[in-house]
Amino acid sequence: MINRTIALAKYKGTFEQPDIFGYYGTFGGAYIPEMLHPNVEELKNNYLKIMYEEGFQKAFRDLLKDYVGRPSPLYYAARLSEKHGAKIFLKREDLNHTGAHKINNTIGQILLAQKLGKHRIIAETGAGQHGVATATVCALMNMQCVVYMGEKDIERQAPNVARMKMLGATVIPATSGSKTLKDATNEAIRDWINNPTDTHYIIGSVVGPHPYPDMVARFQSIISEEIRWQLKVHTGSEVPTHLVACVGGGSNAAGTFYHYLEDFTVQLVAVEAAGCGVQSGRSAATTQLGKPGVLHGSKSLVMQTEDGQVVEPHSISAGLDYPGIGPLHAHLFESGRGTFLSATDAEALESAFELTRLEGIIPALESAHALAGLNQLKLTAKDTVVVCLSGRGDKDMSTYMAAMEKT
Amino acid sequence: MSQTCLSCLPDRQGRINLESQMSNFKSSLMSRIQELFKKKSSRVLNIYCTAGFPQLNSTIRVMQALQKNGADIIELGIPYSDPLADGPVIQESGAIALHNGMSIKVLFEQLKGMRDLHGDYSAKVTVPVILMGYLNPVLQYGFEKFCSDAAAVGVDGLILPDLPIREFETEYGQTLRKYNLDFIFLVTPETSAERIRKIDSLSTGFIYAVSSSSTTGKDKDFPDVERYLQKLREMELKNPVLVGFGIKDKATFQSACKYADGAIIGSAYIKALKENPEEESTSKKFLEAILK
């Protein structure tokens with residue numbers, strides 16, 4: 001622990017927010033075509049000012065409390081703790097309205113969009129959780145909502161597609177490339193290029209051009225803000241030994257880590273989706289397989305061929321099926337501040353069933369990757385671990401049922 | 001071209017930077033693009049085609065056919081898996097080109113010798129050639145190696161729409177100058193006058209005026225476009241202005257040329273090539289319809 005603190009000393013202050021150009025270390029920036037410049041510039045010049053206005057904070061906090069149901073509980077998982085031989089707490093983002101952490105960010109961004117005078121909202125979605133969270137706040141605020149979703153994801157996440165439609169959103173299939181999250185993001189960006197004045201793009205993760213990674217991290221930081229006081233109530237200390245979260249783009253991990261980023265005594269554990277295995281050719285473990293590159297408006301680690309073509313990733317979990325990672329996480333990886341693990345499809349499934357039987361909680365497949373990461377940590381009785389249970393498993397029931405039939 | 005020669009002054013340690021003096025000397029020679037605009041100040045026609053489309057080896061044949069039938073500049077698109085600023089027609093051509101096996105390495109192999117095809121003068125590519133692509137494949141190839149190889153095969157300029165101004169100024173611009181490559185920035189109707197001035201000061205070759213904030217291949221309202229082009233003209237920029245996005249036929253080309261130095265056609269030409277992949281007859285028919 002002391003070694004870690006010394007080794008990281010030179011990075012002090014580089015994690016909580018990017019520099020004025022949007023860089024965390026060497027990652028970030030705003031690599032956008034000129035057509036997006038006015039929109040992104042408007043956002044960059046205003047987001048902090050708007051976010052920290054008293055009136056905005058009150059509206060945001062009130063909605064998180066009364067509409068989302070925050071604070072989400074920090075639950076001491078006794079039987080899971082017994083299994084791992086350490087104190088394990090689950091941050092229950094699965095209990096939020098709409099069933100995942102995604103709503104923290106969409107509430108923040110829809111309020112911001114209103115302040116910017118926008119009346120049309122677009123979003124991309126992978127598993128559909130961000131799409132549902134966006135469609136929800138659009139219904140709440142009476143705004144037009146268009147969600148781009150990969151054709152392949154539309155097939156495997158049918159319940160969420162139905163929810164979005166019922167909420168009044170238009171769901172447009174992305175039919176290019178791998179037909180998943182990456183391509184849905186391309187389509188959303190193209191929509192924004194074509195609608196430069198009336199539209200706000202609610203990006204669902206800590207990816208995209210500056211200021212998105214910072215803005216989304218700040219909206220999600222409510223997760224670790226709560227962990228700090230909740231853990232103190234449970235254990236007498238605000239500080240755990242480990243924080244564990246799954247990472248696709250990385251928004252729930254950013255929120256879970258945020259208020260501990262500069263506290264180098266806490267081990268930040270990010271679990272990526274290994275798919276069929278990191279070296280199988282069918283994986284989404286970006287820090288293991290990616291190289292520095294530019295995707296969706298920022299410089300980060302990107303899974304790509306030698307020729308710089310972005311590859312089609314694979315994960316059983318649509319929310320982690322992304323060939324990039326937010327620039328903050330790329331910096332956590334490169335600096336050594338974060339510990340990056342990966343879990344395969346099979347390991348995630350196993351952990352999902354384990355949690356269900358031990359604690360009576362059916363997790364989302366994404367969150368199941370974080371749980372699978374616990375098996376790779378050498379935990380002792382002295383350790384206090386907080387795992388972000390980012391979402392609930394209702395949307396994944398068809399995958400879980402298929403797995404049950406196999407066994 | 002007026003470039004302030006800051007590097008001719010001794011730096012803080014009192015040294016004079018010889019390398020950048022050399023590159024300033026080189027860039028004081030006119031590039032092929034600048035020479036073109038000196039000779040021809042109106043109705044300059046730039047045709048875009050994706051490299052490796054419709055066939056992997058059709059790149060040079062397409063260029064020859066375009067040149068022969070009256071294109072003043074050829075813009076070759078480097079296909080990319082995630083072309084954010086392109087509409088469906090160019091996206092599809094890029095996907096086909098990638099499937100055909102196109103890459104930067106293959107492209108440079110194909111372009112090698114385009115300025116000097118032995119014994120067949122008529123086949124030699126003499127018009128300015130620009131590469132348009134996205135930053136990621138170029139970064140993987142190596143930015144400096146890319147510029148060096150592009151210059152070596154006779155490429156004149158680059159369009160990289162996702163290379164930001166700040167990174168151009170701090171990191172990449174000097175490499176482009178070193179290899180004497182023109183760099184063409186985009187402006188849109190939403191670009192402020194102040195930013196247009198800045199873009200004009202950084203651009204060499206010409207400025208690519210996006211005719212409305214849209215991905216390529218979309219139809220647009222022309223009166224709005226004309227007001228915007230008139231504004232650009234009144235700014236008396238140092239660079240010529242070519243209009244891109246939305247130009248597809250004689251009428252749209254002529255309207256664009258009323259206010260700008262010329263125009264860029266992409267999607268409409270790709271569509272024509274898709275319907276009839278025979279390069280010469282397609283290019284002849286397409287260009288005649290626009291230029292006659």
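Across all chains, a search of the whole structure finds 35 salt bridges, each defined as a side-chain nitrogen of Lys or Arg within 4 Å of a carboxyl oxygen of Asp or Glu. This is a predicted model, in which local features need pLDDT of at least 70 and side-chain atom pairs count only at pLDDT 80 or more, whereas totals for chains, interfaces and linings use all residues. Residues are numbered from 1 along each chain as its sequence is written, chains are lettered from A and ligands numbered from 1 in the order in which they are written, and side-chain values use heavy atoms, with hydrogens and water left out.

**Stop 1: one salt bridge in chain A**

Select A:Glu226 and A:Lys91, which form a salt bridge with their closest N and O atoms 2.6 Å apart. A:Glu226 lies in helix H11 (residues 222-235) of chain A and A:Lys91 in strand S4 (residues 87-92) of chain A, so the pair ties together parts that are 135 residues apart in sequence. Helices (H or I, at least four residues) and strands (E, at least two) are DSSP runs, numbered from the N terminus.

**Stop 2: chain A as a whole**

Now display chain A, which has 17 helices and 14 strands. Its radius of gyration, 19 Å, is close to the 22 Å that the globule rule gives for 407 residues, so chain A is as compact as a globular protein of that length. The radius is taken over C-alpha atoms, and the rule is 2.2 Å times the number of residues to the power 0.38. The C-alpha trace of chain A spans about 55 × 50 × 50 Å along its principal axes.

**Stop 3: the two domains of chain A**

Colour domain 1 (21-63 + 102-215) and domain 2 (69-99 + 221-406) of chain A separately; the bounds come from an automatic or database domain assignment. Their centres, taken over C-alpha atoms, are 22 Å apart. Contact (heavy atoms within 4.5 Å) involves 39 residues of domain 1 and 43 residues of domain 2. The two domains bury about 3,200 Å² between them, 58% of it on carbon and sulfur atoms; buried area is the accessible area (1.4 Å probe) that two parts lose on being put together, summed over both.

Next, select A:Arg61 and A:Glu225, whose side chains meet in a salt bridge (2.7 Å, N to O). The count between the two domains of chain A is one salt bridge. On the side of domain 1 that touches domain 2, the elements giving two or more residues include strand S2 (27-28), helix H5 (102-115) and helix H9 (181-194) of chain A. H9(A) provides the largest share of that side, five residues.

**Stop 4: the interface of chains B and A**

Bring chain B into view. The contact takes 35 residues from chain B and 32 residues from chain A, and the two chains bury about 2,800 Å² between them, 52% of it on carbon and sulfur atoms. In chain B, select B:Asp82, B:Leu84 and B:Gln140, which lose the most area to chain A, together 22% of what that side buries.

How many salt bridges are counted between chain B and chain A? The count is two.
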